Amino acid sequence: MFTGIVEELGEVTAVEQLAEASRFRLRGPLVTDGAKHGDSIAVNGVCLTVVETADGEFTADVMQETLKRSSLGALRPGSRVNLERPMALGGRLGGHLVQGHVDGTGEILSRTPSEHWELVKVSLPGNLARYVVEKGSITVDGVSLTVVEAAADHFTISLIPTTLALTTLGTKQPGDPVNLEVDVLAKYVERLLAAGVDPLAATAAAAGEDTP
């Protein structure tokens, strides 16, 4: 589980095409410090498993399914990427609960700079629109952000100088693809309601409490 607070701006150093997958080698001295085989690292919001680490770099195998559902297939040597290690239990939750399981991809539609921040419009796949609400949370290329405006086919986000400087969102241009992950809690609630389950009653029953 991640928080969507990017720890390091890394770089792809090599991409090896395999039969039905790709092997990426990425540089990230901070996130690889203490990392070992089998650990998880989020790359542009995609949870990847570390195969090996050496000299501040790590390798990860990316399956065809992940390449199809995310923008990782467009990465090349020299591409900059957002990196984050899983959150530690008992630590601060700086963003929101992020699984690193990409729900779809969007596209940067426009950027409108202002004095202290930049408003960015991103296209939104129709099947994800119902999970995106004004003032809610969404993850864009692994960055936890607050939705400014939510429409049927797009949403907008405000990027502060820190986000612009320390993540890849500072250099993304109109037409560039981005990975999107919506709030998993919204998906669970939708599933429960579709099954005719009252989430509040179910939670109270699990805790052994009476519902109001």
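Reader: Is Asp55 buried or exposed, and at what relative accessible area?
Author: This is a predicted model, in which local features need pLDDT of at least 70 and side-chain atom pairs count only at pLDDT 80 or more, while totals for chains, interfaces and linings use all residues. Residues are numbered from 1 along each chain as its sequence is written, and side-chain values use heavy atoms, with hydrogens and water left out. Buried means under 20% relative accessible area, exposed over 50%, and partly exposed in between (1.4 Å probe, protein chains only). On that scale Asp55 is exposed, with a relative accessible area of 72%.

Reader: Where does Asp55 lie, and what is its phi?
Author: Asp55 sits in the loop between β4 and β5 (57-63); helices (H or I, at least four residues) and strands (E, at least two) are DSSP runs, numbered from the N terminus. Most residues other than glycine have a negative phi. Asp55 is not a glycine, yet its phi is positive, near 55°.

Reader: Asn44 also has a positive phi; is Asn44 buried or exposed, and at what relative accessible area?
Author: Asn44, with a phi of about 50°, is placed in the loop between β3 (40-43) and β4 (46-54). Asn44 is buried, at a relative accessible area of 3%.

Reader: Which residues does Ser137 contact, leaving aside neighbours within four places in sequence?
Author: Ser137 lies in strand β9 (residues 137-140) and is partly exposed, at 27% relative accessibility. The C-alpha atoms of Ser137 and Leu97 are 9.4 Å apart, although 40 residues separate them along the chain. With contact taken as heavy atoms within 4.5 Å, the partners of Ser137 are His96, Leu145 and Asp183.

Reader: Which members of the largest nonpolar core touch the most other members?
Author: A nonpolar core is a set of buried Ala, Val, Leu, Ile, Met, Phe, Trp, Tyr and Cys residues joined through side-chain atoms within 4.5 Å. Of the 21 residues in the largest one, those touching the most other members are Val122, Val140, Phe155 and Ile157.
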